[in-house]
Amino acid sequence: MGSPSDTAELTEFFTRVLGGEWHLYSSHILGHATETENQQAKLDLIAERLDLRPGARVLDIGCGWGGSLTYLASRYGVTGVGISLVPQQCAYANRRAERHGVPLEFRPSHWQDFETDEPFDAVMTTGVVVHFPSLLDYFVRARQWLRPGGILLNEEMHLLSADASASRASRALAALDDVRKKGREAGGRLVVDEEGNYVTLDEETALLREAGFEVERVVPLSMADYQKTVEGWVDNCERLEAELTELTGRDVYRWYRLYFRLFRRLIDDRTMRLDVVTARLPNDGP
Ligand SMILES: C[S@@+](CC[C@H](N)C(=O)[O-])C[C@H]1O[C@@H](n2cnc3c(N)ncnc32)[C@H](O)[C@@H]1O
């Protein structure tokens, strides 16, 4: 049995729980024949929103296990970079990209530390920005990575209202933060993300404008699909208990299972909605 910080064990754990070929750690679009196709349907929607063409440079902030960018590179011929706080994710993603023969690079980095000499055509986040304490700081920084006329895409849940519904969501978030903290104390690198917060859609679009973007479009995604996506992760976690426990040990397995179960509680259409927001930088010149 491996220790919880072993690269191979953690990678195996997460890829088995998330499932499908691309191991997305964000909503799928359901209704297709296989889990992989459900994941691809979400990624096709992203490609359509970003108007991806061969050779476009895409930056995936919070790239998870690298499945999104690798699929987009294989299917749409884009190139690019993915960053994540988790080195295991980047190592796995680089191996995956190599296997698919696509020109991608995955690096462990906080977005605040990421710099580039060559501007990107698009920057994307899927299920990530809730971990950023200041969304405005992030959007201002994203401007610097993009070429003039470049596009930003953010898929994230939004609070339906900033007051009443927020309290339910913040209770669920507080419970998740508590699990993270206890998980760290238990010695597992459970989830390394910083605690953040959800905002309303109006708050997010106002921040995008403040950062100098023109908001192009908001495409709502199905909360029912997100709920079922996360239920799938919880089911995998429970169904594969014996082999996952073998990988990480019982304590760490239990922390991760609790983490997924608590996350499931957050996906609640009485308090939250899920959207893909796209926003563009103005073109330079006349
Ligand atoms: C829920 S996962 C989503 C992964 C991926 N976008 C997907 O849809 O499969 C969150 C990801 O955001 C990354 N992340 C969180 N905070 C970050 C930060 N400050 N800088 C860079 N990556 C971050 C985590 O390391 C993880 O890869």
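Visitor: How many strands form the sheet here, and in what order?
Guide: In this predicted model, seven strands form an open sheet, and going across it the order is β3-β2-β1-β4-β5-β7-β6, with mixed pairing.

Visitor: Which strands stand at the edges?
Guide: The edges are taken by β3, residues 104-108, and β6, residues 214-221; each has a single partner strand, so one side of each is left without a neighbour in the sheet. From one strand to the next, the twist averages 15°.

Visitor: How does β6 join β7, parallel or antiparallel?
Guide: Strand β7 covers residues 272-280 and runs antiparallel to β6, the two being joined by seven bridges. As one example of the pairing, V218 has V277 in β7 as its bridge partner.

Visitor: And which helix packs on the sheet, touching β1, β4 and β5?
Guide: That is α5, residues 135-145, which touches β1 (57-61), β4 (120-126) and β5 (146-159), and whose direction makes about 150° with that of β5. Together, β4, α5 and β5 make a β-α-β unit that is right-handed.

Visitor: Why is β5 said to be largely enclosed?
Guide: Of its 14 residues, 12 are buried, so β5 is largely enclosed by the rest of the structure.

Visitor: New topic: which residues have the most contacts inside the largest nonpolar core?
Guide: That core has 66 residues, and those with the most contacts inside it are F13, L72, M157, Y198, F260, F263 and L266. Helix α10, residues 250-266, gives the most to this core, contributing eight residues.

Visitor: What is L266 in contact with?
Guide: Once its neighbours within four places in sequence are left aside, L266 is in contact with M157, A169, A172, L173, L176, Y198 and M272. Another core, of 26 residues, lies apart from the largest one, and among its residues are F139, L201, L208 and L281. As a general background point, nonpolar side chains tend to be buried together in soluble globular proteins.

Visitor: What does UniProt list for residues 223-250?
Guide: An unreviewed UniProt entry lists that stretch as "coiled-coil region". In the model, the chain over residues 223-250 is 93% helix and 0% strand, with its end C-alpha atoms 32 Å apart.

Visitor: Now α3, please. Which of its residues are buried?
Guide: The buried ones are G67, S68, L69, T70, Y71, L72, A73 and Y76. That makes eight of the 10 residues in this helix, which spans 67-76, so α3 is largely enclosed by the rest of the structure.

Visitor: What covers the buried residues of α3?
Guide: The cover includes α2 (35-50), β1, β2 (79-84), α4 (87-100), β3 and β4. Just after α3 comes G77, which takes a positive phi of about 75°.

Visitor: Which residue other than glycine has a positive phi, and where does it lie?
Guide: One of them is H23, with phi near 50°, in the loop between α1 (7-18) and α2. D51 also has a positive phi near 50°, and D51 is found in the loop between α2 and β1. For context, most residues other than glycine have a negative phi.

Methods:
Residues are numbered from 1 along each chain as its sequence is written. This is a predicted model: local features need pLDDT of at least 70, side-chain atom pairs count only at pLDDT 80 or more; totals for chains, interfaces and linings use all residues. Side-chain values use heavy atoms; hydrogens and water are left out. Two strands pair if DSSP finds at least two bridges between them. Helices (H or I, at least four residues) and strands (E, at least two) are DSSP runs, numbered from the N terminus. Axes are lines fitted to C-alpha atoms, for helices over the stretch in contact, and angles run from 0 to 180 degrees between N-to-C directions. Contact means heavy atoms within 4.5 Å. Buried means under 20% relative accessible area, exposed over 50%, partly exposed in between (1.4 Å probe, protein chains only). A crossover is right-handed if, with the strands pointing away from the viewer, the path from the first strand over the helix to the second runs clockwise. A nonpolar core is a set of buried Ala, Val, Leu, Ile, Met, Phe, Trp, Tyr and Cys residues joined through side-chain atoms within 4.5 Å. UniProt positions are given in the numbering used here, feature names are shortened, and annotations may be inferred rather than shown by experiment.
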